[in-house]
Amino acid sequence: MASIRQIRSRLRSIQSTKQIMRAMQLVSASKLKRAQGRLLQARAVLGFLDGLLQRVLADAPTLDHPLCAGQADGPSALVLFTSDAGLCGSYNANLLQLAESHLRRDTARATQVIYVGKKGHRHFTRRGHAAAAAYLDLAGRPDLAKADAIGRALMERFLAGQVASVELLYSQFVSSTTYRPAVLRWLPIRLQASTATEEYIFEPSAGRVFEDLLPRWALATFQRVMLEAFTSEHSARMIAMKNATDNAQELLDALTTQ
């Protein structure tokens with residue numbers, strides 16, 4: 001049986017750990033709140049652009065764009081969003097599991113993997129999936145300028161014919177306690193028939209507006225996905241730190257009783 005001195009030493013150690021976990025929980029909660037605000041803005045912007053796109057397609061449903069023209073064959077690109085740091089529960093494990101299942105179907109390993117975050121980069125490069133590109137040390141910060149730069153680089157890769165399609169594998173944010181892995185086919189863009197009934201006048205023309213609008217819509221979609229991933233990361237870390245804090249308190253109660 002442990003002596004009183006040993007129990008007191010463990011109490012001090014666990015109390016210190018609890019304070020650290022509690023502080024990390026509060027920091028993650030603060031980051032989550034900021035990221036969630038940016039995500040709501042990004043969703044609103046994308047919704048607005050969706051409405052504009054539907055109006056253009058209602059006026060000229062036969063419009064086409066290079067971002068809609070996928071190649072018949074060629075390698076695909078998978079953009080994997082993971083965190084740079086750990087201590088976020090099963091957040092990365094769920095994403096890595098889905099990515100492994102996705103890559104396992106590609107027996108020829110023709111998929112070009114593009115990593116956003118260190119965890120995915122470290123996991124898959126050790127298993128032979130070299131990085132076609134890697135964007136690390138983002139630290140879960142909702143930097144729209146960085147998201148825009150990454151999105152443009154991916155669009156240039158697609159337009160240059162280096163890849164036939166681009167898929168985004170990320171964690172979709174549902175609520176502060178719920179997030180789930182998802183895969184989005186980003187490029188080529190699949191246009192849907194418009195349901196808009198109003199008539200609009202476009203200057204200089206519907207085709208010119210469409211040509212400028214579609215890349216903006218694609219970038220807004222990529223920014224929204226990146227913000228979904230970062231917001232989910234902060235949510236996962238907040239939950240993990242709360243669970244660690246609660247577990248530490250249970251240990252403290254048990255040791256105090258002992």
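1. Rings of Phe, Tyr and Trp (for Trp, the six-membered ring) count as a pair if their centres lie within 6.5 Å; planes under 30 degrees apart are stacked, those over 60 are edge-to-face, and the rest are tilted. By this rule the structure has three aromatic pairs.

2. This is a predicted model, in which local features need pLDDT of at least 70 and side-chain atom pairs count only at pLDDT 80 or more, while totals for chains, interfaces and linings use all residues. Residues are numbered from 1 along each chain as its sequence is written, and side-chain values use heavy atoms, with hydrogens and water left out.

3. F81 and F222 make a tilted aromatic pair, 5.8 Å centre to centre with 50 degrees between the planes. The pair links distant parts of the chain: F81 lies in strand β1 (residues 76–81) and F222 in helix α5, 141 residues apart. Helices (H or I, at least four residues) and strands (E, at least two) are DSSP runs, numbered from the N terminus.

4. Buried means under 20% relative accessible area (1.4 Å probe, protein chains only). F81 is buried at 1%, and F222 is buried at 0%. Together with W186, these two form one aromatic cluster.

5. A nonpolar core is a set of buried Ala, Val, Leu, Ile, Met, Phe, Trp, Tyr and Cys residues joined through side-chain atoms within 4.5 Å. The largest has 57 residues, of which F81, V166, L168, W186 and M226 touch the most other members. Helix α5 (residues 206–257) gives the most to this core, with 14 residues.

6. Leaving aside residues up to four places away in sequence, M226 touches F81, V116, L138, A147 and I150; contact means heavy atoms within 4.5 Å. A second, separate core of six residues includes L39, A42, F173 and M238.

Technical notes: Buried < 20%, exposed > 50% of the residue type's maximum accessible area, 1.4 Å probe, protein only.
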